[in-house]
Amino acid sequence: MRKLQGRWMAAAIQPAGKPEGVWALPKGNLDPGERPDETALREVLEETGVAGRLVEKLGDVKYTYTRSGGVRVFKIVSFYLLRAGRGGRLGDIEERMRIEVAEARWLPLVDAPRLLAYGGEREMARRALDRFAR
């Protein structure tokens, strides 16, 4: 999250290989020995180029998907509210991340519940919006 011209903005990504206009929140897998909040900080930096500071946990999104071969996978993704810190620049990501991220962009937080492609992420954006409306 970052405030630009008086408006709260959320860093979002267009995942590589997805159609134009598909926006998602940065996320990824925990590295060995890494806490979920550490993963959130690392993934946001890797996928958006923005260094963040932890504010609070927003919640978990639980879902099931099927891998090729018919293997069903149950997944829990923990989302954290981060404030843009000093350092990093939106879109300044390492070349190795281009296989995962086509573009990073600031989305107006008020529009994020409509613009994000996935239901659980739209709910997390609504929670962040509620948090900043306090």
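Two strands count as paired if DSSP finds at least two bridges between them. The views below are close-ups of a predicted model.

**View 1. The open sheet of three strands.**
An open sheet is built from 3 strands in the order β1-β2-β5, and the pairing is antiparallel. Strands β1 (2–4) and β5 (101–108) stand at the edges; each has a single partner strand, so one side of each is left without a neighbour in the sheet. On average, neighbouring strands of this sheet are turned by 45 degrees against each other, with direction ignored. Strands of a sheet pair through backbone hydrogen bonds, either parallel or antiparallel.

**View 2. The pairing of β2 with β5.**
Strand β2 (residues 7–15) runs antiparallel to β5, and 7 bridges join the two. Within this pair, Ala 11 stands opposite Trp 106 in β5.

**View 3. The hairpin of β3 and β4.**
Strand β3 covers residues 50–66 and strand β4 covers residues 72–88; they pair in the antiparallel sense over 14 bridges. Together β3 and β4 form a hairpin, with 5 residues between them. In the turn, Gly 69 has a positive phi of about 95 degrees. Tyr 65 is placed opposite Val 73 in β4.

**View 4. The largest nonpolar core.**
This core, the largest nonpolar one, has 19 residues. Met 1, Phe 79, Leu 109 and Leu 116 are the residues with the most contacts inside the core. At least two residues of this core come from each of β2, β3, β4 and α3 (119–133). Helix α3 gives the most, with 4 residues. Apart from this core lies another, of 6 residues, including Ile 13, Ala 24, Ile 93 and Ala 104. In soluble globular proteins, nonpolar side chains tend to be buried together.

**View 5. The surroundings of Phe 79.**
Neighbours within four places in sequence are left aside here. Phe 79 is in contact with Leu 25, Pro 26 and Lys 27, and also with Lys 57, Leu 58, Gly 59 and Val 61. Its other contacts include Glu 121 and Met 124.

**View 6. Leu 115 in helix α2.**
Leu 115 is found in helix α2, which spans residues 112–115. The relative accessible area of Leu 115 is 26%. Since buried means under 20% and exposed over 50%, Leu 115 is therefore partly exposed. Not counting residues up to four places away in sequence, Leu 115 touches Gly 21, Trp 23 and Leu 107. Leu 115 and Ala 104 are 11 residues apart in sequence, and 14 Å apart in space, C-alpha to C-alpha.

Technical notes. Residues are numbered from 1 along each chain as its sequence is written. This is a predicted model: local features need pLDDT of at least 70, side-chain atom pairs count only at pLDDT 80 or more; totals for chains, interfaces and linings use all residues. Side-chain values use heavy atoms; hydrogens and water are left out. Buried means under 20% relative accessible area, exposed over 50%, partly exposed in between (1.4 Å probe, protein chains only). Contact means heavy atoms within 4.5 Å. Axes are lines fitted to C-alpha atoms, for helices over the stretch in contact, and angles run from 0 to 180 degrees between N-to-C directions. A nonpolar core is a set of buried Ala, Val, Leu, Ile, Met, Phe, Trp, Tyr and Cys residues joined through side-chain atoms within 4.5 Å.
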